[in-house]
Amino acid sequence: MEAVADQDTNARGRAPAVALLVVLALATLFLLAAAITALAPQTDLFGAEPSKRIVVVWGPLLVLLGVVVTVGAWLARRPSTRRALTTTVAVAATIATLVLAGAVGAVVTATLAGGGSVDPWRALTLAGPPDGSAPDARTVYTTTPQGQDLHLAITRPRNAAGPAPVFVWVHGGGWATGSELDRAADMRRMADAGFLAISVEYTLAEPGRPTWDVAGPQVACALAQVAEHAAEQGGDPRRIVLGGDSAGGQLAVSVGYRAAAGTQPSACSSPVPVPRPAAIATIYPAVDLADTWRRGQGAQRFAVGYTGGTPDEMPDRYRAVTGVDALGPGAPPTFAVVPARDHLVPPEGATRFLEAARAAGADTAQVDIPFADHAFDTGPDGSLGHQAAFSTLEHWVTTQVR
């Protein structure tokens, strides 16, 4: 009877250790899957979209989990029949954590090298946007011939000590989706950095209604209106930075370069000509649309919707929506944040364009973000990807107008 009681006691004593080992083993399998996904996101172990964001959104949390699991597994090793299994779990957790930490470290390093910053606490907690992110005003800057009112969302700097530099943003969305309100939190962040931040609405493409020759002139109209009325809003019309992401990046570059060359038409009349921006700042800009159509995964419908056809069918239109015709020493300084794994807008397109602009005499800069795909910054506001993209952009923009 005593022997049986001892066996029961030993079994009860082993139960917590077995449960802990099971938990550690399952957590390690999860970490290994995350590490594999970080190295090869096309494996889609977590689904197509989540897999692309393993590092730039969840990476810091996964590294913290990995440290906890690794330490727990090594501490759980003890002389027993399970020692070999526990050691295997500990080694696997260590490897997975090192892979994830290396990926996160690479993103942080690229961000810091690009002049940006990373708040570890925000990256871990995925903190939300700053309070009061809504724009201070939303005004109509023009009305299209079809009767559509187009708006500017205006976010003013608080306690500005004089005319503020102006940051004009053109939203992305494949020229077919999106809104001037999409980045309200980022516009508030730019306002808090001392800018008069203004986001532009433009007509979106629809089936059978391409806007390759519509959206650009509308952005130019907005730019002229901003220059005309900037002083009324506390802004300095001599220091206007034009920015945009993806499709908005294409519009910012095309309009900005042609404005500098004096060849950009406007959708509205204004006593102020379309101004040459002091600088152009973009995130994964679709500046080489023909290349995007040919090699971008899923980009064809956006490109065709915007231009009305393929590059072979509409070569002049594809060329018209780039800034290559206006390349020259008068082009504004240009900046691009480029995700190294962009499947939608292949990163080589932006790199080639910036190299051509530099060769033509423009001042250009590029920050490559490793382990990042298209729209890597559109996750939670405090995510590593969002901090990487917008902190580097804010730093570069600030250096251009201060």
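This is a predicted model: local features need pLDDT of at least 70, side-chain atom pairs count only at pLDDT 80 or more; totals for chains, interfaces and linings use all residues.

Let me start with a question: does L29 count as buried or exposed, and at what relative accessibility? L29 counts as exposed, because its relative accessibility is 56%, and the cut-off for exposed is over 50%.

L29 sits in helix 1, which runs over residues 2-39. On the surface, L29 belongs to a nonpolar patch together with V18, V22 and L26. The accessible area of these residues together is about 360 Å².

Consider next the annotation. An unreviewed UniProt entry places the feature "transmembrane region" at residues 17-40, 55-76 and 88-113. In the model, the span 17-40 is 96% helix and 0% strand, with its end C-alpha atoms 34 Å apart. For residues 55-76, the figures are 82% helix and 0% strand, and the end C-alpha atoms lie 28 Å apart.

I turn now to the annotated domain. The unreviewed UniProt entry assigns "domain: BD-FAE-like" to residues 153-353. This span is 33% helix and 18% strand, and 30 Å separates its end C-alpha atoms.

As for G256, 37 residues from V219 along the chain, the C-alpha atoms of the two are separated by 9.6 Å.

How values were computed. Residues are numbered from 1 along each chain as its sequence is written. Side-chain values use heavy atoms; hydrogens and water are left out. UniProt positions are given in the numbering used here, feature names are shortened, and annotations may be inferred rather than shown by experiment. Helices (H or I, at least four residues) and strands (E, at least two) are DSSP runs, numbered from the N terminus. Patches are made of residues with over 30% relative accessible area and no salt bridge: like charges are joined within 9 Å, nonpolar side chains (Val, Leu, Ile, Met, Phe, Trp, Tyr) within 5 Å. Accessible areas come from the Shrake-Rupley method with a 1.4 Å probe; for residues, only the protein chains shown count as cover. A salt bridge is a side-chain nitrogen of Lys or Arg within 4 Å of a carboxyl oxygen of Asp or Glu. Buried means under 20% relative accessible area, exposed over 50%, partly exposed in between (1.4 Å probe, protein chains only).
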